Amino acid sequence: MSILIKNIKELIQVEQQPKKWICGKDMATIETIKDAWLFIKGERIERFGEMKVFNLNEFPEDAQLIDASGKMVFPSFVDSHTHLVYPASREIEYIDKIKGLSYEEIAKRGGGILNSAKKMQDISEEELVGSAMQRLEEIISYGTGAVEIKSGYGLTTESELKMLRVIKRLKALSPLTIKSTFLGAHSIPLEFRGDQTKYVDLVINKMLPKVADEGLANFIDVFCDTGFFTVEDTDRILEAGLKYGLRGKIHANELDFSGGIQVGVKHNALSVDHLEFTGDAEIEALLNSQTMPTILPGAAFFLNMIYSPARKMIDAGLPVALASDFNPGSSPSGNMQLILSMACILYKLLPEEAINATTINTAYAMGLSEELGSIAVDKRANLFITTELPTYEFMPYYYGTNKVDTAILNGKVVSQ
Ligand code: NIG
Ligand code: FE
């Protein structure tokens, strides 16, 4: 099967030279082709170019022809941080938050992550697969083409394995490219409060070997922050993960200057995520590392917290990635178009910076930048055709409505 898209008003995020990420002032530039065509063969992008050198006879007669007049083509968003397998929504806590309780106060009362973990004990794999598939369909319709999904609402060996098995089934069922992350150290179960080292021992000695044995995870995560896991806990877990070939992608510096960024970099984590509390020392640690600083605007917005200093990081020469953090407690949305708008409005990123941050840089943060994150020859054909847009800047500007008309994943139209 092949697809030929012609009369594309503008082909966005074209890449001639493969790049693993974009950093510093280069983030303010994206390459585009105006009045373009794009040819997809099988699951891959085969060629693209300008309409002025377009000859229909050069393409197979049976190719599906799409006329994109007035519309643009973007590479699919890559969402490198989500918790979208969960048993139930948590809008009751949302009301508590409106009334003034903080995220930490809710967690202390056994709410928050522990609330989801309690419900996780009783729910079946089938139910979890069913609800997660609906969420995956929803994010596809908003333009996402690859997504990372974490465990972390299990917090017992059995329930963590259940979540990861669900993610494994989603990988087989969904056209999205999915990576899974083992987040046993997401919160400290009540029975381990006061002796959390024992829980860390359980994560390292009981859960991790089973996760690795069944090949259930691509990465390992720890919530390294005040009231959650310490730098020492994180150090041990990341080291243990690496022994099983699992690189870290950790939650760091959301609630304080926790040392999470530095310990992540120390263990060559693929990404450190949240980063509300990032100062000069943290930026220094990230420069010259292979760790992608990843900001989660949805969580900071939803929890009404301070915003990570994205501008300062980019101006210091760092790359920045932006993901949704889709989860029932702190960011109940996987809409990456909204993340694009938040990037510009709340973090003062230019539209080009926001596009780089949600495509090629998040692809790196999932170990996928050779495969996804731009329109390039031989990359996987995960892309979307927009509704009619005056300019690409309209994409973050006109926030709140869906501007994806047709989603194509693995070279097939999956949502229209
Ligand atoms: O990324 N910060 C830690 N974990 C999640 C929240 C999960 C939850 O509240 O359910 C996050 O925001
Ligand atoms: Fe998260």
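A salt bridge is taken here as a side-chain nitrogen of Lys or Arg within 4 Å of a carboxyl oxygen of Asp or Glu. The structure is a predicted model, in which local features need pLDDT of at least 70 and side-chain atom pairs count only at pLDDT 80 or more, while totals for chains, interfaces and linings use all residues. Side-chain values use heavy atoms, with hydrogens and water left out, and residues are numbered from 1 along each chain as its sequence is written.

Under the salt-bridge rule, the count is 20. One of these pairs joins Lys52 to Glu50, with 3.0 Å between the closest N and O atoms. Lys52 is exposed, at a relative accessible area of 72%, whereas Glu50 is partly exposed at 33%. These classes are set with a 1.4 Å probe on protein chains only: buried is under 20% relative accessible area, exposed is over 50%, and partly exposed lies in between.

Arg311 takes part in a salt bridge with Asp315, where the closest N and O atoms are 3.2 Å apart. Both residues belong to helix 11 (residues 310–315) and are four residues apart, about one turn of the helix. Helices are DSSP runs of H or I with at least four residues, strands are E runs with at least two, and both are numbered from the N terminus. Asp315 is exposed at 58%, and Arg311 is partly exposed at 28%.

Arg311 also forms a salt bridge with Glu353, at 2.8 Å from N to O. This pair links distant parts of the chain, since Glu353 lies in helix 13 (residues 351–358), 42 residues from Arg311 in helix 11. Glu353 is buried, with 2% relative accessibility.

Elsewhere, a network of salt bridges links Glu43, Arg44, Glu371 and Arg380.

Key
Chains are lettered from A and ligands numbered from 1 in the order in which they are written.
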